[in-house]
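This briefing covers one protein chain, shown below.

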Amino acid sequence: MSEDVTYADYLRLPELLALQVPLADGVDDELLFIAVHQVQELWFGQLLRDLSGVRDRMLEGDPRAARAGLVRSTVITRALIAGIHPLRGMPPREFHAFRGALGDSSGAQSAQYLEIAALCGADWVRGEHGARAVAGLSPLERERARGRLAEPTVWEAFVSLLAKAGFAVGTAQERREAFGRLAAAPRDGDPVEFAELSELVEALVDHDEIWTEWRACHALLVERQIGGRPGTGGSSGVAHLRAAVHRRFYPELWEARDAGIPPAPAR
């Protein structure tokens with residue numbers, strides 16, 4: 001590296017700090033709104049890289065490395081939640097003072113969030129709902145999103161990892177039985193990766209859970225700012241966000257949380 005490179009050069013701070021451009025006149029908190037959402041998108045980009053690595057490590061048969069990547073992704077998503085909190089200090093009157101400058105833009109148009117959901121394997125970005133979401137993107141973003149939808153997902157890679165370890169995974173019931181075995185105490189005949197696979201399941205649940213917290217935090221913030229009014233971009237606003245809070249990236253893991261738990265003793 002050249003000795004002439006400075007801190008500002010390396011981080012491209014002049015260019016970065018020039019990207020916060022308010023559109024409304026005389027509304028101080030618009031700058032805060034822009035900065036918060038730009039930081040969210042920067043973290044989304046990092047998550048896409050990390051989760052692609054998690055998927056690839058699973059496809060390579062390395063549950064330990066995949067779990068490490070998931071743990072870091074969960075930590076980053078906690079940073080996403082913390083990054084939303086500054087907007088709690090923005091009075092609704094400040095938001096409504098510049099809301100008109102947003103036009104038809106909406107958080108639902110975040111191509112990177114859609115890519116994260118597609119990469120994880122979320123079923124709600126496929127079919128009719130996914131087609132509507134992709135339709136709201138730019139041509140370049142649509143192309144990228146469609147590419148993500150065509151890639152192997154984190155969920156598919158995890159199922160392939162179970163299959164490599166000798167578990168039957170062809171049906172939802174077989175996968176539930178595999179999750180039950182991983183939730184129970186190891187026994188003779190279990191694959192050598194049993195403990196690592198069991199820890200990987202919990203890391204996937206942690207990852208899914210933290211995204212539920214992020215969606216809930218986002219929904220509460222929007223409700224705090226606009227109450228029951230319609231959202232930007234023609235959405236139903238808070239009602240739409242509330243309905244999305246409990247979406248799951250890996251629903252089968254939640255549906256099988258009771259698998260492997262011994263029944264309560266008879267009285």
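A residue counts as buried when its relative accessible area is under 20%, as exposed when it is over 50%, and as partly exposed in between, with a 1.4 Å probe and protein chains only. The model is predicted, and local features need pLDDT of at least 70, side-chain atom pairs count only at pLDDT 80 or more, and totals for chains, interfaces and linings use all residues. Residues are numbered from 1 along each chain as its sequence is written, and side-chain values use heavy atoms, with hydrogens and water left out. The chain has 13 helices and zero strands, and 41% of its 267 residues count as buried.

**Overall fold**

- Helices (H or I, at least four residues) and strands (E, at least two) are DSSP runs, numbered from the N terminus.
- Along the sequence, the pattern of the chain reads α-α-α-α-α-α-α-α-α-α-α-α-α.
- Taken along the principal axes, the box filled by the C-alpha atoms is roughly 70 × 60 × 35 Å.
- A contact means heavy atoms within 4.5 Å. Of the contacts between residues at least 6 apart in sequence, 75% join residues at least 24 apart.

**Surface**

- Accessible areas come from the Shrake-Rupley method with a 1.4 Å probe, and for residues only the protein chains shown count as cover. The chain exposes about 14,700 Å², of which carbon and sulfur atoms supply 56%.
- Patches consist of residues with over 30% relative accessible area and no salt bridge; like charges are joined within 9 Å, and nonpolar side chains (Val, Leu, Ile, Met, Phe, Trp, Tyr) within 5 Å.
- A nonpolar surface patch is made up of Leu16, Leu17, Leu19, Val39, Leu42 and Trp43, which together have about 570 Å² of accessible area. Two or more of its residues come from each of helix H2 (13-17) and H3.
- H3 gives the most to this nonpolar patch, with three residues. Leucine 42 is found in H3 and is exposed, at a relative accessible area of 56%.
- Glu3, Asp4, Asp9 and Glu15 form a negative surface patch. Glutamate 3 is in the segment before helix H1 (7-11) and is exposed, at 81% relative accessible area.

**Charges and salt bridges**

- Lys and Arg count as positive and Asp and Glu as negative, while His and the chain ends are not counted. The place of a charge is taken as NZ of Lys, CZ of Arg, CG of Asp or CD of Glu.
- The chain has 30 positive and 38 negative side chains, and the centres of the two sets are 5 Å apart.
- Side chains of opposite charge can pair when their charged atoms come close.
- A salt bridge is a side-chain nitrogen of Lys or Arg within 4 Å of a carboxyl oxygen of Asp or Glu. The structure holds 13 of these salt bridges.
- Aspartate 50 and arginine 72 form a salt bridge, with their closest N and O atoms 2.7 Å apart. This pair links distant parts of the chain, with aspartate 50 in helix H3 (residues 29-59) and arginine 72 in helix H4 (residues 63-84), 22 residues apart.
- Aspartate 50 is buried, at 10% relative accessible area, whereas arginine 72 is partly exposed, at 46%.
- Arginine 57 forms a salt bridge with glutamate 60, with 2.9 Å between the closest N and O atoms. Arginine 57 is partly exposed, at 27% relative accessibility, and glutamate 60 is exposed, at 55%.
- Glutamate 223 forms a salt bridge with arginine 242, with 2.7 Å between the closest N and O atoms. This pair also links distant parts of the chain: glutamate 223 is in helix H11 (residues 194-226) and arginine 242 in helix H12 (residues 238-244), 19 residues apart.
- Glutamate 223 is partly exposed, at 31% relative accessibility.

- Aspartate 29, in helix H3, is buried yet has no salt bridge; the nearest side chain of opposite charge is arginine 93, 7.7 Å away.
- Not counting residues up to four places away in sequence, aspartate 29 touches Met90, Pro91, Glu94 and Phe98.
- Tyrosine 113 is found in helix H6 (residues 111-120) and counts as buried, at 15% relative accessibility.
- Apart from neighbours within four places in sequence, tyrosine 113 is in contact with Phe44, Trp124, Trp211, Trp214 and Arg215.
- The C-alpha atoms of tyrosine 113 and leucine 48 are 9.0 Å apart, and the two residues are 65 residues apart along the chain.
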